Amino acid sequence: MARYREHPELLYLGAAPPGMRVSHAWVDPASFSVDYRGVREDGFAYVGLVVRVPLTPTPRCPKILGKGVTCTLDVHGEMRLVRELPGGGRAVTLIRRHRNVEVEVASQTSMNPGYAVS
């Protein structure tokens, strides 16, 4: 934590989403990340939170999107990337700027944990 005194904004951490528990948390030189996993055993749920120095001047959708992938960028510069997964699941990534950091939240649900993407 001492190395984040210069960048305290990288230490945002919210409560675990309903039905989730903290699985793993780590600090890198320019980011703070937390993985959450579902508490139920009958399905697969994942949420990942990354707070980092912005990767690009402004969020932008990838130029090439794979099959079953959509990306939207709203007027506020918030990006939403949705991937349809085999077996009926969905992975959603939201990226927004908060003050001088970029916050990425990725979530996924699937009834088949073999299709996990993280």
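1. Terms and basis. A residue is called buried under 20% relative accessible area, exposed over 50%, and partly exposed in between, using a 1.4 Å probe and protein chains only. The model is predicted: local features need pLDDT of at least 70, side-chain atom pairs count only at pLDDT 80 or more, and totals for chains, interfaces and linings use all residues. Numbering runs from 1 along each chain as its sequence is written, and side-chain values use heavy atoms, with hydrogens and water left out.

2. Overall make-up. The protein has seven strands and zero helices. Strands (E, at least two residues) and helices (H or I, at least four) are DSSP runs, numbered from the N terminus. The order along the sequence is β-β-β-β-β-β-β. Of the 118 residues, 31% are buried.

3. Surface and contacts. Among contacts (heavy atoms within 4.5 Å) with a separation of 6 or more, 34% involve residues 24 or more positions apart.

4. Nonpolar core. Nine residues make up the largest nonpolar core: Met20, Phe32, Val34, Tyr36, Val47, Leu49, Val51, Val101 and Val103. Strands S2 (31–38), S3 and S7 each give two or more residues to this core. Such a core is a set of buried Ala, Val, Leu, Ile, Met, Phe, Trp, Tyr and Cys residues joined through side-chain atoms within 4.5 Å. In soluble globular proteins, nonpolar side chains tend to be buried together.

5. Arg52 and its partners. Five salt bridges are present in the structure. Each is a side-chain nitrogen of Lys or Arg within 4 Å of a carboxyl oxygen of Asp or Glu. Arg52 pairs with Glu102 at 2.9 Å, N to O. Glu102 sits in strand S7 (residues 101–110) and Arg52 in strand S3 (residues 44–52), so the pair links distant parts of the chain, 50 residues apart. Both residues are buried. Arg52 also forms a salt bridge with Glu104, at 2.6 Å, N to O. Because Glu104 lies in S7 and Arg52 in S3, this pair ties together parts that are 52 residues apart in sequence. Glu104 is buried at 19% relative accessible area. Arg52 is buried too, at 11%.

6. Glu84 forms a salt bridge with Arg90, with the closest N and O atoms 3.0 Å apart. Glu84 is partly exposed at 41% relative accessibility, and Arg90 is partly exposed at 39%. Elsewhere, salt bridges that share partners join Arg52, Arg97, Glu102 and Glu104 into one network.

7. Strands S4 (residues 69–73) and S5 (residues 79–84) run antiparallel and are joined by five bridges. Strands count as paired if DSSP finds at least two bridges between them. Val69 has Arg83 in S5 as its bridge partner. Five residues lie between the two strands of this hairpin, and Gly77 in the turn has a positive phi of about 85°.

8. A backbone point to check by eye. Which residue other than glycine has a positive phi, near 55°? That residue is Arg99. Arg99 is in the loop between strand S6 (90–98) and S7. Arg99 is exposed, with a relative accessible area of 71%.
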